Amino acid sequence: MLKNLPCTMIFEFTEIINNIFKFNYFPKAWKTAVVLPILKPGKDPTQPENYRPISLLSTLSKLTENFILDKLNEHLAENKIFCPEQFGFRKSLTTTHQLLRVVEYITSGFEKGECTGAVFLDVQKAFDRVWIQGLIHKLIGYKTPPHLLQLLKSYLEERKFAVKIGNSISEAKIMRAGIPQGGKISPVLYSLYVNDIPKTHKTLLGMYADDTAILAKNKNHKYTAAALNQHLAKLDDWFLKWKIALNVNKTEAVYFAKGRRKYKPIVKIKNQTITWSQQAKYLGVILDEKLTWKNHITTIKTKFRAASRKLFPLIARDSEMNRKYKLLVYTAILRPIITYGCPIWGAAANSNIRMLEILENNIIRLICKAGWYMRNEDIRNAIKLISLKEFIKKISAKFYHNLDNINNEAIQQLEHYSPDPKSKRPRKIPL
């Protein structure tokens, strides 16, 4: 849209941005968000909590935020401010890297006969409840340059929102807390707000924005309980101090062990005992207590079939779309559903991987209008598409090859070992 503006308008906008940095002042007209409530699938429309608020911000505001974010990231990188355990919205770090830390920690324990207790914390409305004055206090503590601090303060304070339903819009109200949803700077500001989260040497801390995991392992369940409870007690005090709300009912815990365990640690937070579950979803991947990945792959199958049904008119046998573009639909939209996080779970049993291969083969046969007598291997060779298993190996090999190039202390501290084809550890996948 902005590219189509006349040059005079672009020059005017450039001058506005220059003045924003000159006077360290963010325009009030850009600080009002229009909130559209979207009903969550399958929820009761009469209950307000069943709606997901989608915040719409000014396009000019979001464009300006890119320049502010560049200045902020430059300061953070030069001073190495982010804690190494925070992978959210950081260069070269993805959810798969954080999952690797968690799974390597668990599987290394399996090889030593240790069990791992993991608590996956659920933070209530993370962005919406950020204490603005507390965030500014932390920005000062991180020695943010005065001009940038003043501009960020202007950006954060006196923000407003109005709710729009249909053609009706409410009166604008002042936001007493929270950082703008949909803002370019917001993810980094939230990461800074939780950057001083307590850590202990007896536990592993994993963070991706507000998704936080605490893990401890030992052969003795009492030691695991002590380590987790000590860390959770520190977190409880820290959450209270910085006005961060934790949803204990949605906080999950899994006790990872190879065999059945008669005794499990008693873990508490906010004086409530956390119930152990057989599995937990963390960063889009389901971790079951024995890391078989069967439940995760079953979930992938359901998602893949649902997405395939929506795209069926495009890829069906009677569709007039060119086969080249049908294959593009598969490789760009459908295959990523299957392969997300595969450098972590790709070591699953062949029987589980086979279930995904069948899904792929059925779609490829549909796209190519293959007869029953045609072999899957011949079809893939004809369209130059490698098998799913080979594709997973290719992605995983590239992922592990690039690990050494990542300048992050938490990644560099990962255990180096020679992959064993018989093991269940992630690094065996490319073999």
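Phe 11 sits in helix 1, which covers residues 7–23. Helices (H or I, at least four residues) and strands (E, at least two) are DSSP runs, numbered from the N terminus. The model is predicted: local features need pLDDT of at least 70, side-chain atom pairs count only at pLDDT 80 or more, and totals for chains, interfaces and linings use all residues. Residues are numbered from 1 along each chain as its sequence is written, and side-chain values use heavy atoms, without hydrogens and water.

Is Phe 11 buried or exposed? Its relative accessible area is 59%, so Phe 11 counts as exposed. The classes are buried (under 20% relative accessible area), exposed (over 50%) and partly exposed in between, with a 1.4 Å probe and protein chains only.

Helix 4 spans residues 132–141. Its buried residues are Ile 132, Gly 134, Leu 135, Ile 136, Lys 138 and Leu 139. An α-helix has 3.6 residues a turn, so residues three or four places apart point the same way. The buried residues of helix 4 pack against helix 5 (146–156), helix 6 (186–193) and helix 7 (221–241); contact means heavy atoms within 4.5 Å. Lys 143 follows helix 4, with a positive phi near 55 degrees.

Now the whole protein. It has 14 helices and 14 strands. Of its 431 residues, 48% count as buried. Among contacts between residues at least 6 apart in sequence, 70% join residues at least 24 apart. The C-alpha trace spans about 70 × 65 × 50 Å along its principal axes.
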